[in-house]
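Trainee: Hi! Could you walk me through this one?
Mentor: Happy to, let's have a look together.

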Amino acid sequence: MEKSLQLVFKNAAGTTKIITISNPKENLSKAETDEAMQKIVAANVFNTLGGDLVQAVEARVVNRNVQVLA
């Protein structure tokens with residue numbers, strides 16, 4: 001199973017943008033992800049077509065099963 005962490009933000013235009021991180025550590029807490037997302041917004045290091053990231057919306061862990069056909 002593949003696991004990823006999706007950090008969901010809104011940019012200045014109000015569009016949703018997602019940063020995906022592969023293989024996140026186990027048992028992340030809401031407090032940990034909220035703090036990280038606030039730091040990303042405050043650092044203002046990402047710029048999208050709709051402008052800077054201005055709001056942290058949610059963090060979610062996505063589990064995906066991948067079966068390779070041989």
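Trainee: How far apart are K30 and D34 in helix α1?
Mentor: They are four residues apart in that helix, so about one helical turn separates K30 from D34. Helices here are DSSP runs of H or I with at least four residues, strands are runs of E with at least two, and both are numbered from the N terminus.

Trainee: And what do the side chains of K30 and D34 form?
Mentor: They meet in a salt bridge, with 2.8 Å from N to O. That term means a side-chain nitrogen of Lys or Arg within 4 Å of a carboxyl oxygen of Asp or Glu. This is a predicted model, where local features need pLDDT of at least 70 and side-chain atom pairs count only at pLDDT 80 or more, while totals for chains, interfaces and linings use all residues. Residues are numbered from 1 along each chain as its sequence is written, and side-chain values use heavy atoms, leaving out hydrogens and water.

Trainee: Got it. Is K30 buried or exposed?
Mentor: K30 counts as exposed, at 60% relative accessibility, and D34 is partly exposed at 31%. Buried means under 20% relative accessible area, exposed means over 50%, and partly exposed lies in between (1.4 Å probe, protein chains only).

Trainee: How many salt bridges turn up in the whole structure?
Mentor: The search finds six. One of them joins the side chains of E26 and K3, at 3.2 Å from N to O.

Trainee: Why does the pair E26 and K3 tie together parts that are apart in sequence?
Mentor: Because E26 lies in the loop between β2 (16–22) and α1 (30–43), while K3 is in strand β1 (residues 2–11), the pair links parts 23 residues apart in sequence. E26 is exposed at 53% relative accessibility, and K3 is partly exposed at 27%.

Trainee: Which residue does K25 form a salt bridge with?
Mentor: Its partner is E32, and their closest N and O atoms are 3.1 Å apart. K25 is exposed at 52% relative accessibility, whereas E32 is partly exposed at 34%.

Trainee: Switching to the backbone: what is the phi of N23 like?
Mentor: N23 has a positive phi, near 50°, in a residue other than glycine. Most residues other than glycine have a negative phi. You'll find N23 in the loop between β2 and α1, exposed at 65% relative accessibility.

Trainee: And where is N44 found?
Mentor: N44 is in the loop between α1 and β3 (47–48). Its phi is positive too, about 55°, although N44 is not a glycine. At 42% relative accessibility, N44 counts as partly exposed.
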